[in-house]
Amino acid sequence: MGSLLCTEAKKRIWILIAKMQALMPDPQIYVERTLAIIKPDIINKEEEIEDIILRSGFTIVQKRKLQLSPEQCSNFYVEQYGKMFFPNLTSYMSSGPLVAMVLARHNGISYWKDLLGPSNTIVARENFPDSLRAIYGTDDLRNGLHGSTSFSSAEREIRFMFPEVIIEPIPVGQAAKDYLSLYVTPTLLKGLTELCKRKPADPFTWLADWLIEHNPNTPKLRHNVIIEEP
């Protein structure tokens, strides 16, 4: 009788454990996305650097090769505006094609920053000789590679280089309204106004083509240097 009660108690315990496990969420690894740029002066090291990136546990989610104008570089580095090195920075970054990549892995932003090392190549060589900027950089300006410094900068920079990318978490509520008001509504209103003027036979297809053509976030590539890779 005692053995039977013991067996019944064990069954109840296992049932309780099973119920608790069913209520527990699946373990998740928080994957961050960050923007990486191989700058113009070391673009010939692209394959070598990508191999290091992949062996460091990153996934290259997206990649493109392009050349930005000085004005677009100014917009990209807007947080550095007003600093003495700003004109030289925009000139350097617009001097030739560069490779932009969206990288993803656990704690991707901080891990990529650690892999890069200090922004000043001379400091990197002195204190972090195995870092990428110590290896591929030249001086405090031409440091070879770029990496986002925070989640907010990664979000902004990825949207700049890859306007079609959706970055989680997707905004909701007031954040969604602010996003639409800032990034969508102005261009959409222009498109709808033009649609009313043109009155095309297929308005939906016309509007879709117009929005693609007039996307304000698409970097304009210079003629004769348009190099796109999937």
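These entries go from the overall fold to confidence and then to the charged pairs.

**Entry 1: overall layout.** I am working with a predicted model. I began with the secondary structure and found 10 helices and 4 strands. Reading from the N terminus, I noted the order α-β-α-β-α-α-β-α-α-α-β-α-α-α.

**Entry 2: burial, contacts and surface.** How much of the protein is buried? I got 36% of the 230 residues. Next I looked at contacts between residues at least 6 apart in sequence, and 72% of these join residues at least 24 apart.

**Entry 3: confidence.** I found a mean pLDDT of 82 for the protein, with 77% of the residues at 70 or more. Which parts mark the two ends of the confidence range? Helix H1 (residues 2-23) is lowest, with a mean of 55, while strand E4 (residues 145-147) is highest, at 96. I also checked residues 221-230, where pLDDT is below 50. Beyond near neighbours in sequence, that stretch still has 20 contacts in the model. A reminder to myself: where pLDDT is low, the predicted coordinates should not be read in detail.

**Entry 4: salt bridges around Lys63.** My search of the whole structure turned up 7 salt bridges. One of them pairs the side chains of Lys63 and Glu46, at 2.8 Å from N to O. Lys63 sits in strand E2 (residues 59-66) and Glu46 in helix H2 (residues 46-55), so this pair ties together parts 17 residues apart in sequence. Are these two residues buried or exposed? Both Lys63 and Glu46 are buried.

Lys63 also meets Glu50 in a salt bridge, again with 2.8 Å from N to O. Glu50 lies in helix H2 and Lys63 in strand E2, so here the linked parts are 13 residues apart in sequence. I wrote down the relative accessible areas too: Glu50 is buried at 13%, and Lys63 is buried at 15%.

**Entry 5: another pair, then the network.** I then turned to Asp139 and Arg142, which form a salt bridge with their closest N and O atoms 2.9 Å apart. Asp139 is buried, with a relative accessible area of 18%, whereas Arg142 counts as partly exposed at 36%. Which residues do shared partners join into one network? I listed Glu46, Glu50, Lys63 and Lys65, linked by salt bridges that share partners.

Methods:
Residues are numbered from 1 along each chain as its sequence is written. This is a predicted model: local features need pLDDT of at least 70, side-chain atom pairs count only at pLDDT 80 or more; totals for chains, interfaces and linings use all residues. Side-chain values use heavy atoms; hydrogens and water are left out. Buried means under 20% relative accessible area, exposed over 50%, partly exposed in between (1.4 Å probe, protein chains only). Contact means heavy atoms within 4.5 Å. pLDDT is the predictor's confidence in each residue, from 0 to 100. A salt bridge is a side-chain nitrogen of Lys or Arg within 4 Å of a carboxyl oxygen of Asp or Glu.
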